[in-house]
Amino acid sequence: MLDTAAIAELMGRTSLFAVLNEEARLELAGTCRVRKFRRGQFVFSEGDESTSLVIVAEGRVKVAVYSPDGAELMLNIMEPEGVAGDVGIIDGGPRSATAETLTEAVIVFAPADAVRDLMKREPFFSEHMSQRMAALVRRLTGTTSDLVFLDLPKRVAKMLVTACEENGGNVADLGLPQSEVGARLGASRQSVNTALRNFARRGLIDFDHHQVRVLDLPALGRLAAGR
């Protein structure tokens, strides 16, 4: 398991804590606890008390919300160095989503009180947290807009184009089974598969399991844009 120095080093690689100096990171790391999770375990659940900020040290974790009948909308996939729980740190309210491990994982929990104390003592860190919240709101606003205004094929096309842009090529490595991709797009696995097969028939993509090779990125981009 991670010791204080290793936790501080991990924090230095995150987008949130990299703005802090080593002394501040070591101080915060000394208050943290570390826990190992099996695949499919809940790290926290919607409605839980927000007692900590969560940092992924190893593994992958999905963050999602669920309807009363169990339908899932995936909000994010956390990779190593990913951080969650900012909202509860800011407003003190309960968890707004559920986090579940997709693989075996090692998770660091930074106590909410310790993080808030650091925000009070380091105004630039508090400002950085606010900027993260603004970025989160913008991202979720875009996601909501897509769900309302784009049909599923356009959402799938946009996801593929975005993945290619992030990878700097024409390969979209989704890293998720189609059921999880569907949860991210607010659709069923079958609907996602139908959209992918339709794109393949039109010569836009070639896909196998979790990886999609885009054959005509400009055309797929026009489809995603509704043109």
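In what order do the 4 strands of the open sheet lie? The order is 2-7-4-5, and the pairing is antiparallel. Keep in mind that this is a predicted model. Strands of a sheet pair through backbone hydrogen bonds, either parallel or antiparallel.

Look at the edges next. Strand 2 (42-44) and strand 5 (72-78) stand there. Each has a single partner strand, so one side of each is left without a neighbour in the sheet. From one strand to the next, the twist averages 30°.

Strand 4 (residues 61-66) and strand 7 (residues 98-101) run antiparallel and are joined by 4 bridges. Lys62 stands opposite Glu100 in strand 7. A helix also packs on the sheet: helix 7 (residues 178-185) touches strand 4 and strand 5. The direction of helix 7 makes about 105° with that of strand 5.

Move on to helix 8 (residues 189-201).

Which residues of helix 8 are buried? They are Val192, Asn193, Ala195, Leu196 and Phe199. These residues cover an arc of only 160° around the axis, which puts them on the same side of helix 8. An α-helix has 3.6 residues a turn, so residues three or four places apart point the same way. The buried residues of helix 8 pack against several elements, among them helix 6 (152-167), helix 7 and strand 10 (205-208). The face turned away from the buried side carries the exposed residues Thr194 and Arg201. Just after helix 8, Gly203 takes a positive phi of about 80°.

Notes
Residues numbered from 1 in each chain as written. Predicted model: local features only at pLDDT ≥ 70, side-chain atom pairs only at ≥ 80, totals over all residues. Heavy atoms only, no water. Pairing = 2+ DSSP bridges. Helix = DSSP H or I, 4+ residues; strand = E, 2+ residues; numbered from the N terminus. Axes fitted to C-alpha atoms, helices over the stretch in contact; angles between N-to-C directions. Contact = heavy atoms within 4.5 Å. Buried < 20%, exposed > 50% of the residue type's maximum accessible area, 1.4 Å probe, protein only. Arc of directions from axis to C-beta.
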